[in-house]
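Subject: Structure handover

Hello,

Here is the structure you asked for, with notes on what came out of it. Please read the notes next to the coordinates.

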Amino acid sequence: MARIKNVAVKGLRGMIGDTLVYRTVNGKTVVSAAPDDTPRVATEKQTAHRERFKLASFYASRAMANPELKAAYEAVAKSRGTSSGRSVAVSDFFHAPKIDSVVLDGFSGQPGEEIPMYVTDDFRVNTVHVEIYNPDGTEAEHGDAVFLETGRYWVYTTTGSVSELTGSRVVVKATDLPGNETSEEFTL
């Protein structure tokens, strides 16, 4: 883009041929190359992202229609200095929860044992589900962890026993409000 000081073209606006565009920016006449009007075909990745963004927008609209969710998203937006709760809801749709750590040190495969987990999300973790499998692959038990507000972590309390600890597996699945899921498996 070039600035023009020639009095003959001062204030000139429009396109000359298909190559130059004259326009006024902040009171000054500038010239630039004409835009390329060749239709562009979106790549497969761009099309997929546009579709995902439509779903994110739909989720945000539903969230903003729920007074409780709207207030929660707007509170987070205010604390982050973000423009709106809607933008936080759209962002939440794109980010799955993260399983930061699962503490299995105290797990011996007996009922009544607690398995603490630190799970985070950019907005809010909705559920944390735990499945425990015996070494032969049969399910020993499953259930939801409980969020402990005082410690800011999740705890699953075992209800059954594992036939043998060595080779048994613990699967942790975390979901957020938009339904994003993260899963991690731990073999003992």
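**Aromatic residues**

Phe123 has a relative accessible area of 15% and is therefore buried, the cut-off being under 20%. Keep in mind that this is a predicted model.

The structure holds 7 aromatic pairs. In one of them Phe123 is stacked with Tyr73, at 3.9 Å centre to centre and 20° between the planes. Tyr73 belongs to helix α2 (residues 67-80) and Phe123 to the loop between β6 and β7, so this pair ties together parts that are 50 residues apart in sequence. Tyr73 is buried as well, at 0% relative accessibility.

Phe93 and Phe94 make an edge-to-face pair, with 5.9 Å centre to centre and 85° between the planes. Of these two, Phe93 counts as buried at 10% relative accessibility, whereas Phe94 counts as partly exposed at 24%. One aromatic cluster is formed by Phe53, Tyr59, Tyr73, Phe93, Phe94 and Phe123.

Strand β11 (residues 169-176) is joined to β12 by 7 bridges, and the two run antiparallel. Ser183 in β12 is the bridge partner of Lys173.

**Nonpolar cores**

Which residues touch the most other members of the largest nonpolar core? Among its 18 residues they are Ile115, Met117, Val119, Val128, Ile132 and Val172. Two or more residues each come from β5, β6 (114-120), β7 (125-133), β10 and β11. The largest share, 4 residues, is given by β7.

Leaving aside neighbours within four places in sequence, Val128 is in contact with Met117, Val119, Gly143, Asp144, Ala145, Trp154, Val172, Lys173 and Ala174. Another core, of 15 residues, lies apart from the largest one and includes Ala56, Ala72, Tyr73 and Val76.

**His95**

His95 sits in the loop between α3 (85-94) and β5. Is His95 buried, partly exposed or exposed? Its relative accessible area is 40%, so His95 is partly exposed. A polar atom of the His95 side chain lies 2.7 Å from the backbone oxygen of Ser91.

Beyond its neighbours within four places in sequence, His95 is in contact with Asp121, Asp122, Asp176 and Asn180. The C-alpha atoms of His95 and Asp176 are separated by 8.8 Å, while the two residues are 81 residues apart along the chain.

**Val31**

Val31 is part of strand β4 (residues 28-33) and counts as buried at 14% relative accessibility. Val31 and Ala89 are 58 residues apart in sequence, and their C-alpha atoms are 41 Å apart in space.

Regards

Definitions and conventions:
Residues numbered from 1 in each chain as written. Predicted model: local features only at pLDDT ≥ 70, side-chain atom pairs only at ≥ 80, totals over all residues. Heavy atoms only, no water. Pairing = 2+ DSSP bridges. Buried < 20%, exposed > 50% of the residue type's maximum accessible area, 1.4 Å probe, protein only. Contact = heavy atoms within 4.5 Å. Polar contact = N/O pair within 3.5 Å; in protein donor to acceptor, adjacent residues only side chain to side chain. Core = buried A, V, L, I, M, F, W, Y, C linked by side-chain atoms within 4.5 Å. Phe/Tyr/Trp six-rings, centres within 6.5 Å; stacked < 30°, edge-to-face > 60°.
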